[in-house]
Amino acid sequence: MLTGRTAVITGSTSGIGRGIALKLAAEGAQIMINGFGDKADIDALIAELEKLSGKRAFYSDADMTDPDQIAEMIKMADAKMGGVDILMNNAGIQHVSPVEDFPADKWEQIIAINLSSAFYTTKAVITGMKSRGWGRIINLASAHSLVASPYKSAYVAAKHGIAGLTKTVALEAAEFGVTVNAVSPGYVLTPLVQAQIDAVAKDRGISEDEAKLEGFLAKHPNKDFIEVDDVAATVVYLCSDAAKGITGTNISMDGGWTAV
Ligand code: NAD
């Protein structure tokens with residue numbers, strides 16, 4: 001379905017971004033991944049992406065806190081792949097702390113990675129998408145783009161911000177065949193969430209299963225985690241021609257969390 005399209009996925013060496021890269025490759029898109037990690041793991045992922053898509057795949061180690069490195073990543077994508085048709089802004093981190101103790105450097109880092117990086121990538125790709133008359137920008141937001149939880153001030157602020165950025169760019173790009181949407185999962189069992197589960201279990205002296213239920217699935221009326229593959233399938237759908245009229249939306253995938 002996506003043969004002939006190119007995609008850049010930020011933060012795709014792990015978790016949701018990795019799952020999205022694999023699914024887009026399986027649909028035939030040429031892929032550039034980004035993020036940190038072990039070189040052997042990244043090489044293996046590149047080989048898997050190449051096998052799935054039948055196209056060369058690329059890796060950028062650009063740090064999403066650095067606008068210059070972000071610009072270089074998009075330049076590299078343009079040079080190697082002839083442009084970016086699909087931009088998946090996925091990189092994100094978390095830090096949990098009461099606001100009065102929230103470290104200022106963590107605040108800056110979360111706003112930079114989870115929000116500002118999407119501004120810089122979008123700014124770098126949008127002219128090419130408009131001129132080709134086709135583009136898909138998808139921002140991995142979160143249920144926390146719609147509701148808050150205590151102790152996650154920077155994360156919730158960044159995710160509410162990305163929901164606003166999504167709507168604004170969608171309006172600016174609407175007449176050019178470029179759609180811009182957000183996808184907002186509830187809890188997905190990735191390394192980012194596993195680290196929070198471990199911390200809750202340790203802090204409260206409870207088992208991992210109790211921490212999952214009390215700390216996380218309590219938010220999901222369906223009492224189940226969201227799966228990486230299901231998030232990736234939604235992204236693939238948004239890239240399809242059938243989704244050409246869907247723009248400026250924020251699609252919830254949260255087991256009913258934000259319906260409450
Ligand atoms: P993860 O920790 O598994 O993966 C994060 C990725 O971002 C990794 O590839 C990492 O290398 C990369 N990354 C981190 N800092 C970076 C930086 N400075 N520059 C470039 N890359 C960087 O996390 P995940 O759970 O897959 O989360 C992915 C996205 O999904 C995030 O935006 C997160 O907020 C969002 N999200 C996650 C959940 C969840 O429950 N896991 C729920 C809703 C939204």
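This report covers aromatic pairs, charges over rings, one lysine and a cavity in a predicted model.

## Aromatic pairs

The structure holds three aromatic pairs. One of them joins F119 and Y120. Their ring centres lie 4.9 Å apart and their planes meet at 65 degrees, so this pair is edge-to-face. F119 is partly exposed, at 40% relative accessibility. Y120 is also partly exposed, with a relative accessible area of 32%.

Y187 and W257 form a stacked pair, because their planes stand at 25 degrees and the cut-off for stacking is under 30 degrees. The centres of these two rings are 5.2 Å apart. The pair links distant parts of the chain, 70 residues apart. Y187 sits in the loop between β6 (178-185) and α6 (191-204). W257 sits in the segment after β7 (250-253).

## Charges over rings

The charged end of R5 sits over the ring of W134, 3.6 Å from the ring centre. The charged end of K130 sits over the ring of F176, and here the distance to the centre is 4.9 Å.

## K123 on helix α4

K123 is part of helix α4, which spans residues 104-132. Is K123 buried or exposed? K123 is exposed, with a relative accessible area of 55%, because exposed means over 50%.

A distance places K123 against another part of the chain. A79 is 44 residues away from K123 along the chain, and their C-alpha atoms are separated by 17 Å.

## The cavity

How many cavities of 30 Å³ or more are there? The count comes to one. The largest cavity holds about 40 Å³ of space.

Its lining consists of N89, N90, A91, I113, N114, S117, A118, L140, K159 and I162. Two elements give two or more residues to this lining: α4 and α5 (153-173). Helix α4 supplies the largest share, four residues. By class, the lining of the largest cavity has five nonpolar residues, four polar and one charged.

Definitions and conventions: Residues are numbered from 1 along each chain as its sequence is written. This is a predicted model: local features need pLDDT of at least 70, side-chain atom pairs count only at pLDDT 80 or more; totals for chains, interfaces and linings use all residues. Side-chain values use heavy atoms; hydrogens and water are left out. Buried means under 20% relative accessible area, exposed over 50%, partly exposed in between (1.4 Å probe, protein chains only). Rings of Phe, Tyr and Trp (its six-membered ring) pair if their centres lie within 6.5 Å; planes under 30 degrees apart count as stacked, over 60 as edge-to-face and the rest as tilted. A charge sits over a ring if NZ of Lys or CZ of Arg is within 6 Å of the ring centre and within 35 degrees of the ring normal. On a 1 Å grid over the protein atoms alone, a cavity is a set of points where a 1.4 Å probe fits but cannot get out, and a pocket is an open set with protein on both sides within 12 Å along at least five of seven lines; lining residues have an atom within 4 Å of a point. Grid points are joined across faces, edges and corners, and a volume is the space filled by probe spheres set on the points. Ala, Val, Leu, Ile, Met, Phe, Trp, Tyr, Cys and Pro count as nonpolar, Asp, Glu, Lys and Arg as charged, and the others, Gly among them, as polar.
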